[in-house]
Amino acid sequence: MKKIFLLVVLLFSVTSFWSQRNQMIAYIDMEYILENVPEYIQAQNTLDAKISKWRKKLDTQARHIEVLKTDLANEKAILTKDLIEEKEEEITIKQEELRRLESLYFGPKGDMFLVRKQLVKPIQDQVYNAIQSIAKRKKYDFVFEKSTDLVMLYSNKKYDISDLVLSTIDRTRLSDQKKEERRKKSAPKSKELTNSQKEILAKKEQAQTDKEAALAKKNAEKEAKKLEIAEKRKALQEQREAKRKLLREKKEAARKKKEEEQKAKEEEENNN
């Protein structure tokens, strides 16, 4: 209660001070402005789609690790020490890869930070430039942001310049579009390429084709290696299953033999 009272006193004091100096004040609603800027909505949707894709990939890998852990726990009793260590090492590698991906996507300097900066910052700069232009034209001394931690006990709608900021952004966008159209019209038409230029262009295209072919070959080799590893794992799994089957058959044969010996012994005792 005491803090609220002091805040009210402070606000009245500041208001009185500003009134004496005849200073101009305005405020904006940044959330309202950004929601009405098409470029911001598009940028936010693009960012959300990327985040959803990254989280899906992380979730898939995390579930795969849990499956590996469950399989190891279920098979540990019948696996050799070397096979157990091999599976544990595979799980550790997968966990490290998962942590690396999490840092790559959502770390302090990860992809999310870079994409947000690339997509959203230019739009925020556009808004701030519009605010500065309006403040200079209207001679505002202060422009507050309504949705920040600043406590606004009362706000008169006539001091809200959010719509004015939006109209300024629209005018700037229209002006930029007209400038771009004039630039395209005034740009010199491309001349026909000389034989030398055509030859250089053909070499560049060939180099790009060779580069793409090399990349495709590398990817094919990588996929072939993955397939080879998968086949080896499958063969190893089949060997393990065959060993387990043989072990079960031996146990079953030993059990039957023991039962038969026990039965023969009992019959011999009964005959005597």
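Reader: In the protein chain, what share of the contacts with a separation of 6 or more comes from residues 24 or more positions apart?

Author: In this predicted model, residues 24 or more positions apart supply 80% of the contacts in the protein chain with a separation of 6 or more.

Reader: Which pattern do the helices and strands follow along the sequence?

Author: The protein chain contains 7 helices and 2 strands. Their order along the sequence is α-β-α-α-α-α-β-α-α.

Reader: How does one read the packing of helix α3 against helix α4?

Author: An angle over 145 degrees counts as roughly antiparallel. Here helix α3, residues 38-75, and helix α4, residues 81-106, pack at about 165°, and their axes are 10 Å apart. Therefore α3 is roughly antiparallel to α4. The residues of this contact comprise 13 nonpolar, 3 polar and 10 charged. As for handedness, α3 and α4 cross in a left-handed sense.

Reader: Is E75 buried or exposed, and why?

Author: A residue counts as buried under 20% relative accessible area. E75, which lies in helix α3, has a relative accessibility of 16% and is therefore classed as buried.

Reader: Which residues is E75 in contact with, leaving aside its neighbours within four places in sequence?

Author: With those neighbours set aside, E75 is in contact with K87, Q237 and R244.

Reader: How many of the residues of the protein chain count as buried, as a percentage, and what area does the chain expose?

Author: Of its 272 residues, 19% count as buried.

Note on methods
Residues are numbered from 1 along each chain as its sequence is written. This is a predicted model: local features need pLDDT of at least 70, side-chain atom pairs count only at pLDDT 80 or more; totals for chains, interfaces and linings use all residues. Side-chain values use heavy atoms; hydrogens and water are left out. Axes are lines fitted to C-alpha atoms, for helices over the stretch in contact, and angles run from 0 to 180 degrees between N-to-C directions. Helices (H or I, at least four residues) and strands (E, at least two) are DSSP runs, numbered from the N terminus. Angles under 35 degrees count as roughly parallel, over 145 as roughly antiparallel, 65 to 115 as roughly perpendicular and the rest as oblique. A crossing is left-handed if the near helix is turned anticlockwise from the far one by less than a right angle, and right-handed if clockwise. Ala, Val, Leu, Ile, Met, Phe, Trp, Tyr, Cys and Pro count as nonpolar, Asp, Glu, Lys and Arg as charged, and the others, Gly among them, as polar. Buried means under 20% relative accessible area, exposed over 50%, partly exposed in between (1.4 Å probe, protein chains only). Contact means heavy atoms within 4.5 Å.
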